[in-house]
Amino acid sequence: MTDTRIRIAGVELKNPVMTASGTFGSGEEYSEFVDLNQLGAVVTKGVADVPWPGNPTPRIVEVYGGMLNAIGLQNPGIEVFCERDIPFLRKYDTKIVVNVCGHAPEEYLRVVERLAEEKIDLMEINISCPNVNANFLAFGQEPACVEQLTAQIKKIARQPIIMKLTPNVTDITEVARAAEAGGADAVSLINTLTGMKIDVQRRTFALANKTGGMSGPAVKPVAVRMVYQVAQAVKIPIIGMGGIVTAEDALEFILAGASAVSVGTANFFRPEATLEVVRGIEEYMEKNGVKHIQELIGAVR
């Protein structure tokens, strides 16, 4: 028998496989294709204090090895989310991780405070959002901002918090250390890499926003490298993501130091990918005589 259970900040997951925010709706959208009961956790699409309309279209484009998106975190706002999405997810035997977004610290804090009343398990804080108080740099690009925002959130959060790190920085270990110093219970990485595609026939940008977030299999080597670096820099758990399609992909992240993994873009072209990763990890452990998933976490030094 193999034991795939892992703990993140005292929250036990039956296995280390989650969904990546923004690629799985809030669970209901995929529930006809995926048995949510088999997942370690469902990570919801980002939610803000008020509804966000998102960016103008076109805002998704396929590129070699993945996709670019500039959705702009369109969401219905926290009140609709709490009334509609949380009750749906609570019908399943899986952990609920709510992704939180905002343009300013007070926006994040309003959502975190509202979620304190809800029966959810963890919060993932998307610090790749533009900071309106810092010339629209993402919160996650400045370590001092990361530490400060993390500390502010921790003061009012009733659930453990995961800070989601952007790869669009010079040294991701500095940002990870800042999150840890601010009191983060875990970090997740990587968010999307900033990219661009130009339509040569129309001689214009493929996305209305000009730039978008690159995700998919092509980003995996970068993501694995960053997870490994962060695992050497902090003591808090890491959730690894970026181009995971198969169990072998997921195991790379786990061996590099991730306690759990999130499957993202693969959900769009292979809706059953999360379940295949769950089964594949179990099969790998059985084949290689690994009794507990903990034996694999950070095994590659």
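Reply: In this predicted model, the axes of helix α3 (residues 143-156) and helix α4 (residues 172-181) come within 7 Å and cross at roughly 25°. An angle under 35 degrees counts as roughly parallel, so α3 is roughly parallel to α4. The crossing in which α3 passes α4 is right-handed. On the α3 side, the residues that meet α4 are Pro143, Val146, Glu147 and Thr150; their partners in α4 are Glu174, Val175, Ala178, Ala179 and Ala181. Sorted by class, this contact has six nonpolar residues, one polar and two charged.

A further helix pair is α5 (residues 220-233) with α6, whose axes come within 8 Å and cross at roughly 20°. These helices are therefore roughly parallel to each other, and α5 passes α6 in a right-handed crossing. Lys220, Ala223, Val224, Val227, Tyr228 and Ala231 of α5 make the contact with Asp249, Glu252, Phe253 and Ala256 of α6. By class, there are seven nonpolar and three charged residues in the contact of α5 with α6, and no polar ones.

Helix α6 (247-256) is also part of what covers the buried residues of α8, as are β3 (17-19), β16 (260-263) and α7 (266-269). Those buried residues are Ala273, Thr274, Leu275, Val277, Val278, Gly280, Ile281 and Met285. Helix α8 itself (residues 273-287) has 15 residues and reaches 21 Å from its first C-alpha to its last, close to the 21 Å expected at 1.5 Å a residue. After α8 comes Gly289, with a positive phi near 65°.

Conventions
Residues are numbered from 1 along each chain as its sequence is written. This is a predicted model: local features need pLDDT of at least 70, side-chain atom pairs count only at pLDDT 80 or more; totals for chains, interfaces and linings use all residues. Side-chain values use heavy atoms; hydrogens and water are left out. Helices (H or I, at least four residues) and strands (E, at least two) are DSSP runs, numbered from the N terminus. The expected span of a helix is 1.5 Å times one less than its number of residues. Buried means under 20% relative accessible area, exposed over 50%, partly exposed in between (1.4 Å probe, protein chains only). Contact means heavy atoms within 4.5 Å. Axes are lines fitted to C-alpha atoms, for helices over the stretch in contact, and angles run from 0 to 180 degrees between N-to-C directions. Angles under 35 degrees count as roughly parallel, over 145 as roughly antiparallel, 65 to 115 as roughly perpendicular and the rest as oblique. A crossing is left-handed if the near helix is turned anticlockwise from the far one by less than a right angle, and right-handed if clockwise. Ala, Val, Leu, Ile, Met, Phe, Trp, Tyr, Cys and Pro count as nonpolar, Asp, Glu, Lys and Arg as charged, and the others, Gly among them, as polar.
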